[in-house]
Structures are given as C-alpha cells and as structure tokens.
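Reader: I want to learn to read this model one feature at a time. Where do we begin?

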Amino acid sequence: MGSGPSFPMVPMTRDKIFIVTGANSGLGYEIAKWTSMMGATVILACRSEGRTQEAIEKMNKEFQAEKAKGTEGLTDSDSLALEYMQLDLASFASVMEFCENFQKSGRKLHVLFCNAGLGLGPFQKSSDGNEMLLQVNYLSHFIIIGKLLGIMKQSGPDCRILLMSSAAHKSGTFDLKTINYEGNPDSYPRLNYYGRSKLYQIMQAAEMGKRLAGSDVTINSIHPGLIDSNFWRDWNTGLKKVAHGAMQATGVAKSPFRGAKCSIDLAVNPKYVGLTGLYWCDSKVVTPNSDARNKGKQEALWQWTMEKVKGYLTEEEIRGLQGTGTEQAG
C-alpha cells in the first residue's frame, strides 16, 4: 500500500486498552499513535514524563493532519485517548510500582506491547544487579506480563501480548551459565548480549504460548527490520557513525512507521485471532534460529526466569504464568 498503512484501520472504542512500553519515540510512537487513531485508549509507559507529553502533543497534531488528508478509518473523537504512566525498566521497583498502579486502576487490558528496549551501548549493570540488556529487554517485561496477565485473562476474548524482538537474536548465544555478564566491562560483547536478550523474547513467546493455550490471551514476537531510530543513539562516533549514515542514505534502515506496520497489524488485525507462540516479520510467520526453536532450551530459560523473578510475583501470578491458573476465565 505504498507509504500508507498496510494494516487494517480497525474501529475501536476507548474502552479498548493498550499499553505500549517505550511509546514516546521510534516504533512505539507509531504503534501508540496509529492504534489510538483507530479509537483505542493507549497508555504510553515511559521513563520521561516531559518527553512523553511532547510525544502525545505531536501525535494529536499528526492525527489532525491525517483527518485533514481524509485518511479513512480514523476515530470520530476530537483528540486521541493517550495517557502517560511512568515506567523505568532498569528498575524492578519502578516496574512493580507501574504494575500496581495499573492494577489499582480497575481497568481491563487488551493489548500489552513490550516494545521498549536498549541497543548496542557499553556495558551497564542495573541497580538490581543485572546486565542491563537482560533486565530492560527481557526480565522487566517478563515481570510486567506476569503481573498483568490475570487482568488480561479477565478482559474478554482476543487479548494479545506482543514482544519486540529482532533478527539479531541470531547473534546471541544460549548459555544460562553466562546469562548475566560478569566479565571485564571493556571486553563486553555487546552484540552477543543484545542478541541474547532478543533470543529470550522469541523463546518466551514460544514457551508462554504453550502455557496459555486454552485462554483468551496470545503472545507473539516480532522482528521489525532495521529501523532508523534511537536504537542507534550510541553509534555517534567513528566508523559506527559512518555506518549508521550509510544505512540512512541507502534506505537500508526503515523509517519507524514502515518498521511498525507489522506490529500494528499484529496488534489489531482480526485475522490473527488465536495465533500464538510465533515469530513474525512483515506480517508473515518466519523461522528463528535453532536455539530459539529448541524446546528443551525454551523450558530451561523458563525455569531460570521464573526462579529469577519469583520474588516479584504473587503465588496466583506464578500459577497464571505456569498455565495452572484460570485459563478459561473471561
């Protein structure tokens, strides 16, 4: 469909609730904007309130521009239903506060889009003692899913969890003994650990998809392509800066809107009802690497993760994740 949407403009009402992490820029910005322009209420779960409020203002201006162009399928509302909630994935305390605040709101939750993530920066360790990519890209989102899954199971048919993964998972090795990097910071293999974090998301979707079978909640992972976004913010010197510039000049890197098309499609398109545990690119199911498909490794990662995060989940939340909760509820 050229530069326009290649996803259906699905009419939604404001009681359809989305959460999009990292929604104030890049892919998350486009996902939040387009789903809210279809009528949904979208919660932008981000660190910075100032940057997020600026993004909300910009989205509303772009919404008015789309209306002026006569874009079909837009909500009849005068403004978009966009809300900020504070979330810092580098802090488990912030993750817990975010989840508790949402739980207290009494709202339903229909789509949880785990989009936020860190890219190829230098080694960092979180205040919780974890290699930063492991925590931000994987563990914190896992906790959010665990704490909000019960709400999703009670929110009616066809609720969806989406994980923003990457073809870079092929650069990651699967080794639970070294999952939390403890080596020399100067020798930190950043591409490998970025790939690992994306590999875990694909494996999580596959394993959790099996455990949620029979419920109204599906989970899938996505490769959006190479995106020209804040992902490259640390590529600002030397050869990395040159390489990033070349990707921009040649069109190899997609715009955030182009990169978000598959994600928006999977979030709203009725034809995907019930499809779960899969890895997608360009709205097609694709095959990840052998580690991602290995059922024994999926189970091993699941058990390691549950042990790691169990202190942040109630017994009921743990049962819900393990597939022993009330799957038929709702």
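Author: Begin with a single residue. At 24% relative accessibility, serine 283 counts as partly exposed. Buried means under 20% relative accessible area, exposed over 50%, and partly exposed in between (1.4 Å probe, protein chains only). This is a predicted model, where local features need pLDDT of at least 70 and side-chain atom pairs pLDDT 80 or more, while totals for chains, interfaces and linings use all residues. Residues are numbered from 1 along each chain as its sequence is written, and side-chain values use heavy atoms, without hydrogens or water.

Reader: Where is serine 283 found?

Author: Serine 283 sits in the loop between strand 7 and strand 8. Helices (H or I, at least four residues) and strands (E, at least two) are DSSP runs, numbered from the N terminus.

Reader: What is phi of serine 283 near?

Author: General idea: most residues other than glycine have a negative phi. Phi of serine 283 is near 60°, a positive value. Aspartate 158 also has phi near 60°. That aspartate lies in the loop between helix 4 (132-153) and strand 5. Aspartate 158 is partly exposed, at 22% relative accessible area.

Reader: Now the whole chain. How many helices and strands does the secondary structure come to?

Author: The chain has 10 helices and 8 strands. Of its 330 residues, 55% count as buried. Look at contacts too (heavy atoms within 4.5 Å). Among those between residues at least 6 apart in sequence, 78% join residues at least 24 apart.

Reader: In what order do the strands form the sheet?

Author: Two strands pair if DSSP finds at least two bridges between them. Here the 8 strands make an open sheet in the order 3-2-1-4-5-6-7-8, with mixed pairing. Strand 3 (82-86) and strand 8 (284-285) are the edge strands, and each pairs on one side only.

Reader: How many bridges join strand 1 to strand 2?

Author: There are 5 bridges between them, and the two strands run parallel. Isoleucine 19 has isoleucine 43 in strand 2 as its bridge partner.

Reader: Is strand 2 enclosed or open to the outside?

Author: Count buried residues. Strand 2 is largely enclosed by the rest of the structure, because 6 of its 6 residues are buried. Then sort by side. Thr41, Ile43 and Ala45 point one way from strand 2, and Val42, Leu44 and Cys46 point the other way.

Reader: In which sense do strand 5 and strand 6 pair?

Author: They pair in the parallel sense, over 6 bridges. Arginine 160 stands opposite threonine 218 in strand 6. On to strand 7 (residues 279-281): 2 bridges join strand 6 (residues 217-222) to it, and these strands run parallel. Isoleucine 222 stands opposite tryptophan 280 there.

Reader: Which strands does helix 7 touch?

Author: Helix 7 (residues 256-268) packs on the sheet and touches strand 1, strand 4, strand 5, strand 6 and strand 7. Its direction makes about 160° with that of strand 5. Such angles run from 0 to 180 degrees between N-to-C directions, with axes fitted to C-alpha atoms, for helices over the stretch in contact.

Reader: How far apart in space are proline 256 and tyrosine 29?

Author: Compare sequence with space. Proline 256 and tyrosine 29 are 227 residues apart in sequence and 8.2 Å apart in space, C-alpha to C-alpha. Proline 256 is found in helix 7 and is partly exposed, at 21% relative accessible area. Another pair is glutamine 64 and leucine 80: 16 residues apart along the chain, with C-alpha atoms separated by 9.8 Å. Glutamine 64 belongs to helix 2 (residues 49-69) and is partly exposed at 37%.

Reader: Last feature. Which residues line the largest cavity?

Author: A cavity is a set of points on a 1 Å grid, over the protein atoms alone, where a 1.4 Å probe fits but cannot get out; lining residues have an atom within 4 Å of a point. The lining here consists of Arg160, Leu162, Thr218, Asn220, Leu266, Tyr272, Leu275 and Trp280. Strand 5 and strand 6 each supply at least two of the lining residues.

Technical notes. On a 1 Å grid over the protein atoms alone, a cavity is a set of points where a 1.4 Å probe fits but cannot get out, and a pocket is an open set with protein on both sides within 12 Å along at least five of seven lines; lining residues have an atom within 4 Å of a point.
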